[in-house]
Amino acid sequence: MVFSQKAINQIAHLARLEIKNTSNGHSIQDDLTRIVAMIDQIQGINTQGIEPMSHPLEDNSLPSEVGENSETNTPSGSNTQKEITAQRTRPDLVTEPNQRDTLLTLAPLAEAGLYLVPQVIEE
Amino acid sequence: MTTQSKWETVIGLEVHVQLLTKSKLFSGAATNYGAEPNTQACIIDLGFPGILPVLNEEAVRMAIKLGLAINAEIAPKSVFARKNYFYPDLPKGYQISQYELPIVAKGSLSFSLEDGTLKKVNITRAHLEEDAGKSLHEDFHGYSGIDLNRAGIPLIEVVSEPDLRSAKEAVAYLKTLHSLVRYLEISDGNMQEGSFRCDANVSVRPRGETKLGTRAEIKNVNSFRFVEKAINFEVERQIDLLESGKPVIQETRLYNADKDETRPMRSKEEANDYRYFPDPDLLPVVIQPDLIERVRKTLPELPHEKTARFEEAYGLSKYDAAVLTSSRELANYFETTVKASNSEPKLSANWVMGDLLGALNKANLDITQSPIQAERLGGLIKRISDKTISGKIAKTIFDALWNSKEDADTIIQKQGLQQVTDTSAIEAIIDTIIAENPSQVADYRSGKDKLFGFFVGQVMKASQGKANPEQVNEILKKKL
Amino acid sequence: MVTKTLAELSLGLKQKTFSSVEITKAYLERIQKFNSKLNTFITVCAETALEEARLADKHLQTGQAEPLTGIPLAYKDIFCTQGIKTSCGSKMLDNFIAPYDATVAEKFKTAGVVLVGKTNMDEFAMGSSNENSYYGPVKNPWDLNVVPGGSSGGSTAAVAARLIAGAIGTDTGGSIRQPAALCGVTGLKPTYGRVSRYGMVAFASSLDQGGPIAQTAEDCALLLQSMAGFDTKDSTSVNTPVPNYSGLLNTSIKGLKIGLPKEFFGEGLNPTIEGHVQNAIKELEKLGAVFKEITLPNTGLSIPVYYVIAPAECSSNLSRYDGVRFGYRAKDPKNLEDLYKQSRTEAFGDEVKRRILIGTYVLSSGYYDAYYLQAQKVRKLISNDYQKAFKEVDIILGPTTPTPAFNLGAKTADPVSMYLCDIYTVSVNLAGLPGLSMPAGFVNNLPIGVQLIGNYFEEARILNVAHQFQKVTDWHKKMPPLGNTL
């Protein structure tokens with residue numbers, strides 16, 4: 001598919017980027033069209049019944065006992081799959097002190113302890 | 001407010017409940033209200049390069065609590081997703097929320113309407129997400145100041161089905177949910193401080209029509225009263241539009257309390273495509289049945305259970321039971337009072353709902369700040385019930401209880417306020433009054449019944465209010 | 001001294017043959033001499049390094065020092081280092097002094113490492129040639145007209161030129177292994193979740209991993225030992241014990257089953273490289289390894305899948321760069337929209353912008369199912385391929401890159417041609433497996449590498465095989481003739 005200028009503008013706006021011609025002499029339109037043509041290769045692939053893989057730490061990605069294939073002395077993992085693949089939680093404790101002064105020095109524009117942006121009008 | 005029987009109002013509510021965790025949903029920064037700007041925003045909340053989120057276990061527990069209390073399904077696996085958009089109060093440029101797989105699904109909330117009927121509202125889902133910061137629009141010479149203390153505080157968003165049919169129903173639903181989250185101690189529900197934020201999706205349709213009309217979303221109304229007014233205004237506005245042949249536009253609107261109207265919100269969200277996708281920095285939240293059971297055991301008696309129990313155990317009316325259980329603190333206060341009064345539920349109900357709440361309202365205090373502890377109030381009621389003092393004298397003792405730390409017995413003793421119940425003593429006083437007021441006696445005996453009150457008054461005055469009123473009445477009647 | 005391996009330096013420090021200050025000074029001098037030509041370092045921390053070296057020397061006196069105490073290292077400028085500029089190779093963070101240490105940096109600090117400097121990289125880790133840096137391209141020390149590979153090109157070139165004995169990089173689609181191959185050094189991408197990502201500026205969160213770069217597998221084992229381990233600050237960090245990598249290097253590989261994916265030896269592979277891979281196979285066979293052809297049928301889809309998933313995640317990860325709390329901010333924005341657009345447009349390079357746009361596109365309404373969701377499913381197919389293969393073999397071997405290093409500017413006109421450099425490496429990231437590249441020969445005097453891929457958490461195994469290979473070959477000992485060319 002060839003990217004229309006309108007489509008590019010929409011995407012660029014969502015990403016808060018302005019489209020200018022790139023240094024390689026091509027237009028963004030060309031570049032994106034080329035890239036999309038390449039990624040379009042996944043379109044025809046039959047993935048019926050396949051669960052999407054959000055990250056490698058998924059249920060059946062890991063061997064049921066870590067290290068079981070190993071002939072070296074790799075010790076087997078002490079965790080079950082469930083423990084490895086489920087989100088860990090932390091206790092509800094305040095562990096971060098007030099670091100405003102340090103962090104605010106990194107801000108491009110700040111005043112009275114606040115980060116400043118051009119005025120936002122909501123109504 | 002017009003009731004157009006031609007039109008049906010359809011309302012769905014989204015409530016953002018701020019959770020009472022000590023630290024944030026994904027970071028260990030503090031969550032106290034009112035802190036100096038940006039003093040409770042750590043690098044994780046500020047979205048610094050390289051930071052990563054780690055989930056707060058208490059927030060998960062609170063979500064499970066809520067789910068159980070609304071009879072919902074607790075998802076064995078739920079997923080955090082990124083909601084992507086740009087706004088200064090959103091440091092990472094995305095909010096970590098839940099999209100396709102929320103932690104709680106398919107619950108319901110029931111409550112009594114004014115006419116006594118029970119209304120059940122289905123709750124589509126409730127999910128965990130992080131709150132955004134605050135923009136202070138005070139003019140910093142053309143700039144807005146951003147405070148990110150609030151960024152990252154855990155929220156549960158509770159989404160109802162569009163089952164509500166009037167502003168009043170909407171408010172009743174909100175009050176029920178509000179009371180529930182406070183009962184569960186997962187939120188302080190403080191609407192002024194923003195811990196309980198309501199968005200209403202309002203639409204109308206011709207009565208009998210099953211398809212939903214176009215809805216408008218009214219955002220961030222911060223009191224029950226305003227919710228009711230905003231919805232009513234919106235319903236009228238939409239009916240007016242449709243009746244004059246114009247369409248309702250799907251948009252977000254803000255309620256202006258001063259003008260009592262809703263106006264379209266300047267596009268913060270425009271045609272926003274949030275591009276939700278599972279957050280790759282977080283793994284799915286897996287909730288095992290034994291965790292759910294552990295949380296279930298920590299559930300307090302829920303509001304509707306308590307209300308039912310109060311009706312039965314204390315013989316209270318539906319209305320009184322509802323008032324007394326409107327907050328866990330008030331319910332506890334009442335029950336402690338009853339105990340201390342030696343089981344006088346009806347008297348206790350009257351005193352708590354009447355004199356106590358009246359005095360607290362006047363002094364702008366809530367039940368937890370009451371100068372009169374439940375035990376002391378109960379002590380007073382005990383003395384009314386065992387006739388040590390009269391109901392009238394009790395009112396003065398109430399004031400004394402309010403202004404001191406002494407208990408009723410001490411005050412009664414000190415001020416010698418015991419009721420006079422000795423029949424002969426009362427008779428003596430009555431005889432004296434009768435003797436001293438011959439013309440009134442004659443008038444009364446000749447038919448001026450109204451004068452009875454005069455004699456009662458005289459007897460009470462003579463006895464410094466301590467004569468038992470029933471006995472006074474009885475004996476007076478005999479003697480006159 | 002500067003040609004010594006980390007193992008040799010560690011021993012020398014322990015035996016007091018030289019001091020940390022001496023070797024640190026030696027590297028700093030060499031960097032001073034060659035960095036302007038190679039452009040490998042963005043920041044050199046001369047003063048603090050010498051201070052750290054002095055402290056390390058004190059600690060070394062007590063006899064209780066750790067293996068890495070006093071060892072000078074360089075970190076890719078994507079690792080947050082407290083109080084030190086952390087630029088990610090971008091104008092966006094040119095003025096960013098990190099307020100905290102990445103977990104990996106903290107671990108190295110505790111181990112007594114001397115931080116010599118932050119290395120150049122493709123902007124936000126996006127690139128395969130280190131030509132996308134705000135600070136200019138890195139040159140391959142083997143030939144200054146040629147790219148070192150990317151995105152960890154600064155780290156690999158620095159090690160190749162012996163400006164430092166060890167460095168760390170990050171690998172999202174091959175960014176440690178590919179430049180390691182093109183520069184003639186050894187580099188390892190650990191299993192996803194093995195090394196903490198806290199403080200490692202995110203490009204694609206489900207693919208990024210930090211890893212060691214050094215002359216030898218032995219050195220990589222030494223570095224990985226300190227880097228690996230569970231971190232409570234990273235929800236994707238895996239709590240599984242860290243083996244003794246160094247202790248396992250000398251395990252015999254007799255009977256080890258090594259798979260050769262037929263898809264890795266097809267069209268597009270430079271024949272000389274293939275020849276070198278065949279030689280490597282012969283060497284390993286001599287040591288008792290047994291080879292078998294396997295198939296990874298979905299290999300051909302790995303580039304398209306990668307270029308859906310990585311841009312999608314990066315488009316979201318890079319939204320925080322908005323000129324508000326840190327980093328570059330445009331001058332005199334007219335309004336909020338302007339602030340965002342100008343800051344981001346002025347401070348991001350072209351490749352970063354391309355990937356943000358592609359990423360935004362594949363996540364957008366109407367396209368999510370066809371692209372992002374579909375890519376995640378095909379990703380699963382690719383991962384399944386590997387799991388099937390690992391039922392038949394213990395590790396997998398193949399070339400790291402299809403060609404040797406190319407000329408600067410040769411592939412900048414067509415982004416897709418640049419993407420194809422990673423054909424053998426990206427599937428490893430998609431599956432989350434550990435992968436290593438070791439030097440295995442030359443093509444036209446330019447180094448090339450052989451890649452080893454292990455199953456989850458089998459870093460010890462692939463380090464072991466690489467070490468055995470390096471005991472019987474000397475490709476890893478070759479150094480670019482810097483004296484003449486620079």
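B:Arg294 and B:Asp290 are 4 residues apart in helix H4 (residues 289-297) of chain B, so about one helical turn separates them; helices here (H or I, at least four residues) and strands (E, at least two) are DSSP runs, numbered from the N terminus. The two residues form a salt bridge, with the closest N and O atoms 2.9 Å apart. A salt bridge is a side-chain nitrogen of Lys or Arg within 4 Å of a carboxyl oxygen of Asp or Glu. B:Asp290 is partly exposed, with a relative accessible area of 45%. In these terms buried means under 20% relative accessible area, exposed over 50%, and partly exposed in between (1.4 Å probe, protein chains only).

This is a predicted model, in which local features need pLDDT of at least 70 and side-chain atom pairs count only at pLDDT 80 or more, while totals for chains, interfaces and linings use all residues. Residues are numbered from 1 along each chain as its sequence is written, chains are lettered from A and ligands numbered from 1 in the order in which they are written, and side-chain values use heavy atoms, with hydrogens and water left out.

### Salt bridges

Over all chains, the count by this rule is 51 salt bridges. The table gives some of them.

| Pair | N to O distance |
|---|---|
| B:Arg294 and B:Asp290 | 2.9 Å |
| B:Glu301 and B:Lys306 | 3.2 Å |
| B:Lys395 and B:Asp355 | 3.2 Å |
| A:Arg34 and C:Asp414 | 3.6 Å |

In the pair of B:Glu301 and B:Lys306, B:Glu301 is partly exposed at a relative accessible area of 25%, whereas B:Lys306 is buried at 6% relative accessibility. B:Lys395 and B:Asp355 also meet in a salt bridge. B:Lys395 lies in helix H10 (residues 391-403) of chain B and B:Asp355 in helix H8 (residues 345-362) of chain B, so the pair ties together parts that are 40 residues apart in sequence. B:Lys395 is partly exposed, with a relative accessible area of 44%, and B:Asp355 counts as partly exposed at 22%. Salt bridges that share partners join A:Asp31, C:Glu351, C:Arg354 and C:Arg355 into one network.

### The contact of chain A and chain C

Chain A brings 69 residues to the contact and chain C 83 residues, contact meaning heavy atoms within 4.5 Å. The two chains bury about 6,500 Å² between them, 66% of it on carbon and sulfur atoms. Buried area is the accessible area (1.4 Å probe) that two parts lose on being put together, summed over both. On the side of chain A, A:Ile42, A:Met53 and A:Arg88 lose the most area to chain C, together 11% of what that side buries.

The rule finds 3 salt bridges across this interface. Helix H1 (5-14), helix H2 (28-39) and strand E3 (114-118) of chain A each supply at least two residues of the side that touches chain C. H2(A) gives the most to that side, with 8 residues.

### Cysteines

A search of the whole structure finds 0 disulfides over all chains, a disulfide being a pair of cysteine sulfur atoms within 2.5 Å. The sulfur of C:Cys183 is 13 Å from the closest cysteine sulfur, in C:Cys421, too far for a bond. C:Cys183 is buried at 0% relative accessibility. For C:Cys314, the closest cysteine sulfur is in C:Cys88, 12 Å away and too far for a bond. C:Cys314 is buried, with a relative accessible area of 0%.
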